[in-house]
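Here's a quick tour of a two-chain model. Have the sequence and the 3D view open side by side, and follow along as we go.

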Amino acid sequence: MHSELIMAGFGGQGVLLIGKLLAYAGMKAGLEVTWMPAYGPEMRGGTCNCTVVLSDRQVGSPVTNRPHGAIVLNLQSIDKFEPLVRPGGILVVNTSLINRDVGRTDLIVVPVPANQIAKDAGSAKAANVVALGAFLGASGLVDPQLVKNVLAETFAGRPKIVELNDVCLTRGVDIGRTFAPALAAR
Amino acid sequence: MAKKLMKGCEAIGEAAVQAGCRLFFGYPITPQNEIPEYMSARLPQLGGVFVQAESEVAASNMLYGAAGAGCRCFTSSSSPGISLMAEAMSYLAGSELPVVIVNIMRAGPGLGGILPSQSDYFQATKGAGHGDYRVLVLAPSTVQEAADLMMEAFDLADKYRNPVMVVGDGLIGQMMEPVEFKRHIDPEDLPEKPWATTGAVGRAPNVVNSLYLRAEDLEQHNWHLQRKYAAMQAEVRHETYLADEDLDVLIVAYGTVARISRTSIDALREKGLKVGLFRPITLFPYPSEALWATAQRAKHVLVAELSTGQMVEDVRAVIALRRRVDFFGRCGGMVMTAEELADAAEQLAAVPASVPA
């Protein structure tokens, strides 16, 4: 197992956080993990992304230009990363903020109205966790319960935040799982 | 201790704490700001001292004072800041003071940019400041290794009474990986430094200085330093990956580029090409003998760096008369992809070996 993934959106949407959650969960699953944020001038423009590599062997390059999957939370991010995902890879698209279709036909596209779902659950701020859930549901890469455990540790003492994120992750996973058969069929 | 996910910069800071260091002097610069940030929070908890100096020049001379008083101390900076510390490094080496200096390299020259680079190899290994001096240089390629080498750097600095540099690049500093701290050293348990200027109560005063006005004395001092640098050969170390056989191409790379090379090598192996990696961990002293032992079984040698070609000169010094040495580099903050490095190695593998007569 070796998977290179990119999470991207506006600064403040929490893409670095879901990258860390995924890396932590991967570590707890016994995988080798690396989390690498973009820190260069590109992030000064308001967009933000990070790369997470999960592997059953020592991680080589911590950056990738051919990710196995991507979670894109805004329009700039889908424009930048849709062309890079490897054929057959998963592209989670936040349809609350991205109002265009995906051009590629060789990807498993998982459309999720992440902001809307998170808002309905209590706060649009948790849209990032909905999107992460959708990715986990579709990919089966890491047990979502591990992410929930990490959330509980990260937000220990703040039960409302833990509960909100729990609900958001689960709703994302449920949506993502409906796309898992498409992945299995490949 | 359980593994924690930490940024390279934070792991370096915590490793210093675990090594018993309680003093940090520095000045902010991207991409290593997480080190002073971490130390500013951590050291006061432990009764230590964090000083944000007025400049890198000041910070590095504060290091001189603290080390002269026998304290474990370190500073960190990034390329332009290290240039400002070059004068102090010469004085530290001349006065034989044990300090650790971290350089999270960014692209130059001049103010350059903030993105990853390995273009301070010459500065680190050949001497940034004036005079015949060297510092021991360690180059980690993972966050765990950054923590391990950072802890060891303090011991090596004490052992040789010499500055030790730990060099990473923006990727090593910014990435998060699982890390555990394998040792814990209490500052109280550190060995005595009988040469340090600790107050001279009941003993003759110690002098820490690099001034030798009599040429005869200064020459002797220089030969003494050179014997010490020669003795550092005992610390030389390296790692190889899939290089214990006859190879089409041997890639020589350190730090981040060594990791990228591993990904390239995995892809090339799937294509049936025999490609391996030689990764120096000490950049000074350089693992020359081990390099030739590995390189002589390779048809081609390809040095890859995030620079226009610096370490390649040391590789050529070792094997140029016996093998042609090719180079692949990106610079300015551009990081080579595993694909483009693999392409460079694959093209090289396709041409006949040119072994100089």
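## Ground rules

A residue is called buried here if 20 or more other C-beta atoms lie within 10 Å of its own, exposed if 12 or fewer, and partly exposed in between, with C-beta atoms placed from the backbone. The model is predicted, so local features need pLDDT of at least 70 and side-chain atom pairs count only at pLDDT 80 or more, while totals for chains, interfaces and linings use all residues. Residues are numbered from 1 along each chain as its sequence is written, and chains are lettered from A and ligands numbered from 1 in the order in which they are written.

## Chain A overall

By the burial cut-off, 52% of the 186 residues of chain A are buried. The C-alpha trace of chain A spans about 40 × 40 × 40 Å along its principal axes.

Chain A has seven helices and six strands, both being DSSP runs numbered from the N terminus (helices: H or I, at least four residues; strands: E, at least two). Starting at the N terminus, the order in chain A is β-α-β-β-β-α-β-β-α-α-α-α-α. Contacts mean C-beta atoms, placed from the backbone, within 7 Å. Of the contacts in chain A between residues at least 6 apart in sequence, 60% join residues at least 24 apart.

## Where the chains meet

On the chain A side, 16 residues are in contact with 21 residues of chain B. Helix H1 (15-28) and strand S2 (32-37) of chain A are the elements giving two or more residues to that side, and S2(A) gives the most, with five residues.

## The chain B sheet

Chain B has an open, mixed sheet of seven strands in the order S3-S2-S4-S5-S7-S6-S12; strands pair if DSSP finds at least two bridges between them. Its edges are S3 (49-52) and S12 (282-284) of chain B, each pairing on one side only. Strand S2 (23-26) of chain B runs parallel to S3(B), with four bridges, and Gly26(B) sits opposite Gln52(B).

Helix H7 (143-160) of chain B packs on this sheet, touching S5 (100-105), S6 (136-138) and S7 (164-169) of chain B, and its direction makes about 160° with that of S7(B). Axes here are lines fitted to C-alpha atoms, for helices over the stretch in contact, with angles from 0 to 180 degrees between N-to-C directions.

## Loops worth a look

Two cis peptide bonds turn up in chain B: Thr30(B) to Pro31(B), with omega near 5°, and Gly108(B) to Pro109(B), with omega near 0°. Pro31(B) lies in the loop between S2 and helix H2 (34-45) of chain B.

Arg161(B), in the loop between H7 and S7 of chain B, has a positive phi near 45° without being a glycine. Arg161(B) counts as partly exposed because it has 17 C-beta neighbours inside 10 Å.

Notes
Contact = placed C-beta atoms within 7 Å.
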